[in-house]
Amino acid sequence: MLDKFFNITGQGSSMKTEIVAGLTTFATMAYILAVNPYFLSVAGMDYGAVMTATALSAVIATLVMALVAKLPFALAPGMGLNAFFAFTVCGVMGCSWQLALTAVFAEGIIFLLLTFFNVREAIINSIPTNIKHAISVGIGLFIAFIGLAHQDVAIIVQGQGIPVHLGNLHAPGALLCILGIIVIGVLLIRKVKGAILIGLLIITVVGLIPGLEITNLPKDGALVSLPPSLKPIFFQFVGFEEILSWKFVSILFVFLFVDMFDTVGTLVGVASKADLLDEEGRVPRVKQALFADAIGTTAGAVLGTSTVTTYVESAAGVAEGGKTGMTSLVVAFMFFLALFFTPLFTMIPAAASSSVLVIIGIFMMSPITKINFEDYSEFIPAFLTMIMMPLSYSIAEGIAFGMLSYVILKVLTGRYKELNIAMICIAFIFVLKYVYNIGE
């Protein structure tokens with residue numbers, strides 16, 4: 001029945017492949033169960049309640065992706081957006097976490113409306129095919145950089161006098177990350193099914209060895225527990241008097257802008273890698289996928305967590321052969337289990353997940369062969385898209401540089417007929433962003 005519903009065989013996949021893909025995707029993003037509560041607890045929110053909200057919002061959004069969009073993408077509260085929520089909105093700006101949650105809720109409602117009226121779909125479809133392929137490559141470079149620069153791995157660290165340099169390769173985290181890359185690489189070369197998941201588990205176990213000890217066992221030894229109550233953070237929104245302010249509008253705009261283009265970039269990039277784009281370079285059932293994102297964000301705000309978005313770690317499952325909504329259904333099920341097995345799922349060390357991110361980054365590079373290198377009006381924007389994602393530490397900024405340069409070069413070389421209204425409008429929005437330093 002599931003095979004027929006998801007058209008697994010018709011997509012050239014199998015139930016086993018889809019299940020392994022789902023487990024792999026979940027394993028690479030399980031860290032959010034520990035990281036998101038930590039970030040939001042800094043803003044004054046209850047750690048246990050946020051952990052429950054994190055898992056439940058991931059379940060809701062990923063189920064919609066699985067059952068409605070039928071795509072192999074997973075969703076959860078997004079990294080970067082949760083940091084903005086905790087450290088900028090609640091920290092630097094001194095706003096309450098209730099105000100921040102209200103902004104996230106408003107963002108979700110706006111995204112539902114934009115998706116219903118096909119505005120977000122039009123934005124995705126307006127992105128030129130070469131830039132779509134470049135987005136995939138840029139995300140690959142970006143997530144590999146995230147893996148190498150993770151504070152518990154620190155193979156790449158902030159430099160003195162130079163932006164970055166090599167860290168201490170003798171540190172346990174760095175050593176095990178490198179070992180993970182080698183182990184997964186060997187398994188891939190030998191065509192072992194589930195290579196990424198196997199490598200992840202091996203490094204988690206090796207991390208228990210005395211002297212390394214980067215895998216943290218549950219403090220009380222319990223692997224099963226009931227989820228903490230949502231009561232401290234459930235439906236905690238501010239009144240209209242606080243919403244009607246420029247501060248609230250500016251916070252809302254940043255949430256909207258970053259989530260909009262991060263989600264667009266992830267959907268396009270991972271779909272390109274999974275070879276899911278149609279002949280016109282469009283993501284199939286993209287409207288339904290965007291609804292999953294909007295519903296997840298709205299529900300997440302009600303439950304008590306920051307913006308829910310599509311995860312670049314979905315590429316891990318795609319790399320294992322995941323092609324259908326069955327992959328995301330498995331991820332949703334695992335997040336549901338995580339509500340009761342949180343101590344077990346949070347054992348995976350950063351070194352293990354970072355090695356996986358580097359491997360995924362390598363996989364994401366393959367669409368570079370589809371980029372037109374001969375036409376500089378196409379290649380220059382594609383290059384800027386690719387390089388700006390890791391250097392600016394933002395998918396959204398990479399898309400901004402790519403789209404702006406694409407429109408400018410086409411206009412200045414007399415090839416403006418290759419543009420459409422949506423491209424021009426997007427470029428204009430990016431110009432306003434940089435002129436007025438919105439979100440800076």
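Let's start with Glu-418, which is partly exposed, with a relative accessible area of 36%. Before I go on, please keep in mind that this is a predicted model. Glu-418 has a charged partner: its side chain meets that of Lys-410 in a salt bridge, at 2.6 Å from N to O.

So what about Lys-410 itself, buried or exposed? Lys-410 counts as buried, at 0% relative accessibility. If you have the structure open, click on that lysine, please, and stay there for a moment. The side chain of Lys-410 also meets Glu-378 in a salt bridge, this one at 3.1 Å, N to O. Here the pair links distant parts of the chain, with Glu-378 in helix 17 and Lys-410 in helix 18, 32 residues apart. Glu-378 is buried too, and its relative accessible area is 9%.

Next, move over to Asp-375. Which residue does the side chain of Asp-375 meet in a salt bridge? The partner is Arg-415, and the N to O distance is 2.7 Å. Asp-375 sits in the loop between helix 16 (350-363) and helix 17 (376-392), while Arg-415 sits in the loop between helix 18 (395-412) and helix 19 (421-435), so this pair ties together parts that are 40 residues apart in sequence. Asp-375 is buried, with a relative accessible area of 17%. Arg-415, on the other hand, is partly exposed at 28% relative accessibility.

Salt bridges that share partners join Asp-375, Glu-378, Lys-410, Arg-415 and Glu-418 into one network. And for the whole structure, the number of salt bridges is 4.

Where is Thr-305? You'll find Thr-305 in the loop between helix 13 (286-303) and strand 4 (308-310). Thr-305 counts as buried, with 0% relative accessibility. Leaving aside residues up to four places away in sequence, Thr-305 touches a set of residues that includes Leu-40, Ala-53, Thr-54, Ser-57, Pro-77, Leu-101 and Val-104. Asn-36 is also one of the residues that Thr-305 touches, and the side chains of Thr-305 and Asn-36 are joined by a polar contact of 2.9 Å. Gly-300 is on the contact list of Thr-305 as well.

To give you a sense of distance, take Leu-176, which is 129 residues from Thr-305 along the chain. The C-alpha atoms of Thr-305 and Leu-176 are separated by 32 Å.

Methods
Residues are numbered from 1 along each chain as its sequence is written. This is a predicted model: local features need pLDDT of at least 70, side-chain atom pairs count only at pLDDT 80 or more; totals for chains, interfaces and linings use all residues. Side-chain values use heavy atoms; hydrogens and water are left out. Helices (H or I, at least four residues) and strands (E, at least two) are DSSP runs, numbered from the N terminus. Buried means under 20% relative accessible area, exposed over 50%, partly exposed in between (1.4 Å probe, protein chains only). Contact means heavy atoms within 4.5 Å. A polar contact is a pair of N or O atoms within 3.5 Å; within protein, one must be able to donate a hydrogen and the other to accept it, and residues adjacent in sequence count only if both atoms are side-chain atoms.
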